Number of protein chains: 2
Amino acid sequence: MSYNEKFMKKAIAASIKNIEQDGGPFGAVIVKDGKVIATGGNRVTANNDPTAHAEISAIRKACKKLNTFDLSGCEIYSSCEPCPMCLSAIYWAHLDRLYYGNTKKDAANIGFDDSFIYDELDLKPADRKIPSMQKLRDEAIKAFQIWDEKTDKIEY
Amino acid sequence: MSYNEKFMKKAIAASIKNIEQDGGPFGAVIVKDGKVIATGGNRVTANNDPTAHAEISAIRKACKKLNTFDLSGCEIYSSCEPCPMCLSAIYWAHLDRLYYGNTKKDAANIGFDDSFIYDELDLKPADRKIPSMQKLRDEAIKAFQIWDEKTDKIEY
């Protein structure tokens, strides 16, 4: 697939519509074979879900619609450059391609600054602003051993 | 609040139970005022949701239960060091503290390797494995202008 302007316009329209529907100014669409599979808006405050950014909302809807956890063969058009949470989700969902409108600098200019998260990700757990400590590794590893020995697991 | 071993044991128990329930070997609990508010497992394959890692599942449940998008005052205990998606979600949810059992190296050893995402996050969009292109910024910025001028918005 190659870039199609009409889908970027749809993502932008979703970002504007989402403001009217008490959400944040972000929208995204997921496209497969030239068709929109899912549209998402930022529903963090509307749905009390801090993970409901536009891209993640669209990924969840697309997976539900296609009955899969793997969106290979799909592309995402987002009205804004994804934050680290959404960018990571785009990798986990195996999307083929990303198009975005506003930059993260544009987002920071209106109060949505994710640069601190990028900075935090690069630090060691003990050096992060949210205190992080490892505990009980010898017990936690048991789940991994069970998984490793399981013969009928669904890998992804 | 200070670390309480019983909650880490609950997160580990959730990771083992989750395998028995056709999920991945990860579990997390969110605690407030000495009580478990929510428990989550990795439901990626079970629910066809690539964003349904244990931490995100627990965050969504806790927010639903407490009727908020802000988990300040809560702590998360995870059976494994969070991936970049979940770690970012922990920041967006404003959790106070993180305890984890297995390391990301342990996770990589059983086939759950997120190091490529950390590597990708540090690259410029154009250099990433998932091709990323900026388009129509002049149109996309309109949503941000509308947001900026909106007087009754819920900021977060």
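This is a predicted model: local features need pLDDT of at least 70, side-chain atom pairs count only at pLDDT 80 or more; totals for chains, interfaces and linings use all residues.
**Strands inside chain B**

Strand 1 (residues 24–32) of chain B is largely enclosed by the rest of the structure, because 8 of its 9 residues are buried. Strand 1 of chain B has a further partner in strand 2 (residues 35–42) of chain B, with 7 bridges holding an antiparallel arrangement. Lys32(B) has Lys35(B) in strand 2 as its bridge partner. These two strands form a hairpin with 2 residues between them, and Asp33(B) in this hairpin takes a positive phi near 50°.

**The helix between two strands**

Strand 3, helix 4 (residues 84–92) and strand 4 of chain B together make a right-handed β-α-β unit. Is helix 4 of chain B mostly covered or mostly open? It is mostly covered, with 9 of its 9 residues buried. Among them are Pro84(B), Cys86(B), Tyr91(B) and Trp92(B). What lies over these buried residues comes from both chains: helix 4 (84–92) and helix 6 (115–121) of chain A take part, along with elements of chain B that include helix 3 (54–66) and helix 6 (115–121). Just past the end of helix 4 of chain B, His94(B) takes a positive phi of about 60°.

**Where the two chains meet**

Strand pairing also crosses from one chain to the other. Strand 4 (residues 97–102) of chain A runs parallel to strand 5 (residues 132–134) of chain B, with 3 bridges between them. In that pairing, Tyr100(A) has Gln134(B) as its bridge partner. Strand 5 (residues 132–134) of chain A, in turn, is joined by 3 bridges to strand 4 of chain B, also in parallel. There the bridge partner of Gln134(A) is Tyr100(B).

The table gathers the pairings described so far.

| Strands | Direction | Bridges |
|---|---|---|
| Strand 1 and strand 2 of chain B | antiparallel | 7 bridges |
| Strand 4 of chain A and strand 5 of chain B | parallel | 3 bridges |
| Strand 5 of chain A and strand 4 of chain B | parallel | 3 bridges |

How many residues of each chain are in contact with the other? There are 70 residues of chain A in contact with 71 residues of chain B. On the side of chain A that touches chain B, helix 7 (residues 137–149) of chain A gives the most, with 10 residues. By type, the residues on that side of chain A divide into 42 nonpolar, 14 polar and 14 charged.

**Chain A as a whole**

Chain A has 7 helices and 5 strands, and along the sequence they follow the pattern α-β-β-α-α-β-α-β-α-α-β-α. The C-alpha trace of chain A spans about 50 × 40 × 30 Å along its principal axes. Of its 156 residues, 49% count as buried. Among contacts in chain A between residues at least 6 apart in sequence, 45% join residues at least 24 apart.

Technical notes: Residues are numbered from 1 along each chain as its sequence is written. Chains are lettered from A and ligands numbered from 1 in the order in which they are written. Two residues are in contact if their C-beta atoms, placed from the backbone, lie within 7 Å. Helices (H or I, at least four residues) and strands (E, at least two) are DSSP runs, numbered from the N terminus. Ala, Val, Leu, Ile, Met, Phe, Trp, Tyr, Cys and Pro count as nonpolar, Asp, Glu, Lys and Arg as charged, and the others, Gly among them, as polar. Two strands pair if DSSP finds at least two bridges between them. A crossover is right-handed if, with the strands pointing away from the viewer, the path from the first strand over the helix to the second runs clockwise. A residue is buried if 20 or more other C-beta atoms lie within 10 Å of its own, exposed if 12 or fewer, and partly exposed in between; C-beta atoms are placed from the backbone.
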